[in-house]
Amino acid sequence: MEPSRPSLPFPPASRPCALYPAASRSAALRLLVPAAALVESAPEAPGSDLACPPESESGDPPSDIPLPCPRYAASVFAALPSPDTALWLLLVLAGAAALCWLIRRHEVLRAALTADPWADSRAVDSTLTLAQDHRAVFHLAGRQNATEQPGQSLRAVCAHLERRALVLLSIREMADAAAWVGRPVRVEFSITVGDSPRFFRFDSAVLRVGRDGARCLLELARPARLESYRRRSFPRIRPARSELAAAGLWRLEPCPPASDAESGGAPVQAGPPPDNPARLGAPLLAFRPGAAASLRLDSLSASGVGLRIPRDAAIPERCLLFLCLRTDRASPLALWLDCERRHLTTHPGRTTNLLGLSITRWGRVTRADDIIPWTPAASDGSVPLLLRWTLRRAASLNP
């Protein structure tokens with residue numbers, strides 16, 4: 001009878017101590033026995049297979065399976081997520097926080113871009129202080145109410161800045177200073193920033209009027225905001241109907257090249273305007289005193305003309321304009337203008353459109369049968385004779 005063998009915790013075929021080397025035995029033990037048993041429990045019996053030393057023998061390579069940290073096996077950390085799960089959770093929370101910050105930052109930047117920069121009290125105070133230091137001229141235009149067009153005007157400089165008021169000193173003597181008390185005014189001024197002028201305006205009301213010798217002091221309500229605007233290079237005026245002696249508009253078509261071979265596929269260029277007024281036909285639109293007028297002079301500057309034309313009139317891209325303006329002298333100012341169409345504005349409910357023309361060439365003749373000496377407009381687009389006429393007219397309006 002064979003002697004009895006002790007019971008083994010696993011089948012005999014898996015006994016590592018007698019059949020496999022030490023390194024393989026240690027690896028097999030880590031796979032078969034729970035990690036807690038390897039760390040905390042002691043060998044069950046001296047003769048059992050678990051009493052085999054887990055250390056590798058000398059000369060064997062070290063095992064590449066690390067032992068688990070015993071502190072994560074304690075019951076205190078049983079409810080906590082594993083280190084990998086906690087790391088991913090932190091990454092998700094950090095990403096959500098960064099996304100919320102970016103959204104908030106975008107809203108703040110968008111609000112800053114859409115806000116009115118000249119409604120800031122600091123910007124208003126610094127601009128008015130700079131205007132006072134530079135002795136900027138304030139142009140005041142009086143109104144009977146806020147919706148009425150500006151009427152009587154005067155010029156003044158800033159004498160004193162108060163917390164709630166702005167004190168202006170008139171440049172010229174005013175005889176009707178008391179009439180300005182309580183009147184709404186539109187104020188315009190300019191300051192130089194670097195090498196370029198900046199133009200501003202605001203609406204206010206005259207609170208009080210005083211005297212400083214022969215000149216007048218006007219106390220205005222300090223504005224809460226300023227309006228920055230761009231001013232035209234040349235003054236634009238609205239001539240009276242009596243100041244226009246005659247006007248005519250002709251259609252000018254571009255001159256095509258002689259042949260396709262000469263053009264070489266280049267775009268068609270506008271040719272020079274006709275130089276003999278006697279060869280012109282009937283105008284497309286005309287104005288003559290005492291007759292039915294199909295056009296009216298709306299505005300005029302040194303570089304452009306604004307015309308009121310019928311709503312159904314077809315205006316080409318290029319046209320020839322004749323203007324005869326009355327002057328202080330006996331002879332009027334008669335000009336031939338080669339113009340290009342800039343805009344054609346339609347107003348609902350009106351029977352006329354507003355035609356805007358820019359001047360490219362100009363010429364002056366004394367008789368209708370003379371040859372027109374065409375001269376290109378200046379580098380800034382102006383016509384010297386028109387500039388003088390508009391400046392005199394603007395000076396007479398604002399003495």
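Arg135 sits in the loop between helix H5 (121-133) and strand S1 (137-142). Helices (H or I, at least four residues) and strands (E, at least two) are DSSP runs, numbered from the N terminus. The model is predicted: local features need pLDDT of at least 70, side-chain atom pairs count only at pLDDT 80 or more, and totals for chains, interfaces and linings use all residues. Residues are numbered from 1 along each chain as its sequence is written, and side-chain values use heavy atoms, with hydrogens and water left out.

**Confidence**
- The protein chain has a mean pLDDT (the predictor's confidence in each residue, from 0 to 100) of 76, and 69% of its residues reach 70 or more.
- Residues 13-20 have pLDDT below 50, and beyond near neighbours in sequence this stretch has 12 contacts in the model; contact means heavy atoms within 4.5 Å.
- Over residues 146-150 pLDDT stays under 50, and the model has 6 contacts for them beyond four places in sequence.
- Where pLDDT is low, the predicted coordinates should not be read in detail.

**Backbone**
- Arg135 has a phi near 55°, a positive value in a residue other than glycine.

**Strands S10 and S11**
- In strand S10 (residues 296-300), 4 of the 5 residues are buried, that is, under 20% relative accessible area (1.4 Å probe, protein chains only).
- S10 and strand S11 (residues 304-310) run antiparallel and are joined by 4 bridges; strands pair if DSSP finds at least two bridges between them.
- Leu297 has Leu307 in S11 as its bridge partner.
- The hairpin from S10 to S11 passes through 3 residues.

Terms used:
Buried means under 20% relative accessible area, exposed over 50%, partly exposed in between (1.4 Å probe, protein chains only).
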